[in-house]
Amino acid sequence: VEQQNRLASFEEAVIPHLDAAYNLARWLTRNDADAEDVAQEATLRAFRFFGGFHGGDGRAWFLTIVRNTCYTWLQNNRSREVSFSIDEQTADIESKVPSPEATLIQSVNREMVRHSIEELPLEYREVIVLRELEGLSYKEISAISEIPIGTVMSRLARARERLRQCLESQMHVEV
Amino acid sequence: LNCDETKELIHGYLDGELDLVKSLEIERHLNECRGCEGTHQGNLVLRSAIRENAPYFSAPRGLRKQIRKSLHEAHRVDSTPSRSVWNLGWLRPAAVFAAFALMAVLIWAVAARKTAPSTDDLLAQEIVSDHIRSLMVDHLTDVPSTDQHTVKPWFDGKLDFAPQVKDLSARGFSLIGGRLDYLNGRDVAVLVYQRRNHFINLYIWPADRMADAGISLATRQGYNLLHWTQGGMTYWAVSDLNNAELQEFAQLVQT
């Protein structure tokens, strides 16, 4: 009975967040097949560790496991991407004076945004996906990415600056 | 707040992650500084551009199916083999039944243990009460006599049994008489002995069982009670005498 309940409560608490899991895995691996592998492995790991889930936000709990599974997978298959660690200190935000591009960005298309996010370093991509696509709070992102809340904010700042620059350069090409 | 401080917090402000005080300070600065206000507006535009255009990858249907299958497999593996024994339908009711049966036996055993001594308990209580009464109402003896040859014949015709009467005065327990009493639903013989200024009531009646039983001890309301069976007779000795001397008395009666 306990075993039956375990599967049932897992399907109730975790499976509804399978889209969020796949979305994160897809953005971090940037590949459909790899994202499926990672999502599947992460789900089975989550099921194995489900005893450690004591209620609360199933999505944040699940995404923590997905994120760790992604990193392990990347380490094993594309170690170059992970070892390219961002430098938080020197990557200073070069906040430009508002330009005409700020308004031009309103006319970006899906392909440009997708390309810009995929071009971000792994750690920046991760916080952008968690914040802008999942709408998670700094506190939740801090827990999932295992970084202080202050770092969540500074990473988001740098990630957005890079996105802006990337989008603007595409706009220039377009224009 | 100056522009540098504002730049530090402007993304927290955008994301609604600042406390009220900091938010108000940022707001005040944005009202006064065109540069920072422009940055903030740019951030708003960028954010909505991303939110509206970034593709959200939903889990493909095939993946969902595959995951469901793997989960059920993992679940089945988890449930075997050691636990599967307990999952077998028949064993569960059997275990429940066994547990109930064991519980019933235990309850019965405890109850039986309790009822068995409880007759003795009641009897001991009755004997103590009778002992106290015999001292209070000055009805210690029906036949006051230190002579066993006077006391023993006195019971003849009054009881359906003949109690042994011993004179133990040589050993420090002087016989002072006998009386009839009613105990445990029957007439019983009572022999009264004295040690210094302590009285001993010795109750005697035919035992339900012929087997001899050794001396067992009890204490009720400060009185010591000794109980044994010998030669088909049940004996209860009760006194305020100390336990050691009362046991000495009992052994003398037995010999």
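In this predicted model, chain B touches chain A through 42 of its residues, which meet 46 residues of chain A. Between them, the two chains bury about 4,200 Å². Chain A itself is built from 10 helices and 0 strands.

**Contact area**
- Carbon and sulfur atoms give 62% of the area buried between chain B and chain A.
- On the chain B side, B:Tyr56, B:Phe57 and B:Leu71 lose the most area to chain A.
- Together these three residues account for 17% of what that side buries.

**Polar and charged pairs**
- There are 5 salt bridges between chain B and chain A.
- A:Arg160 forms a salt bridge with B:Asp15. Their closest N and O atoms are 2.8 Å apart.

**What chain B brings to the interface**
- The elements of chain B that give two or more residues to the side touching chain A are α1 (3-14), α3 (34-53) and α4 (61-79).
- α3(B) gives the most, with 13 residues.
- By class, this side of chain B has 16 nonpolar, 15 polar and 11 charged residues.

**Chain A**
- From the N terminus on, its elements run α-α-α-α-α-α-α-α-α-α.
- Chain A has 175 residues, and buried residues make up 53% of them.
- Among contacts in chain A with a separation of 6 or more, 75% join residues 24 or more positions apart.
- The accessible surface of chain A comes to about 8,100 Å². Carbon and sulfur atoms hold 49% of that surface.

Key:
Residues are numbered from 1 along each chain as its sequence is written. Chains are lettered from A and ligands numbered from 1 in the order in which they are written. This is a predicted model: local features need pLDDT of at least 70, side-chain atom pairs count only at pLDDT 80 or more; totals for chains, interfaces and linings use all residues. Side-chain values use heavy atoms; hydrogens and water are left out. Contact means heavy atoms within 4.5 Å. Buried area is the accessible area (1.4 Å probe) that two parts lose on being put together, summed over both. A salt bridge is a side-chain nitrogen of Lys or Arg within 4 Å of a carboxyl oxygen of Asp or Glu. Helices (H or I, at least four residues) and strands (E, at least two) are DSSP runs, numbered from the N terminus. Ala, Val, Leu, Ile, Met, Phe, Trp, Tyr, Cys and Pro count as nonpolar, Asp, Glu, Lys and Arg as charged, and the others, Gly among them, as polar. Buried means under 20% relative accessible area, exposed over 50%, partly exposed in between (1.4 Å probe, protein chains only). Accessible areas come from the Shrake-Rupley method with a 1.4 Å probe; for residues, only the protein chains shown count as cover.
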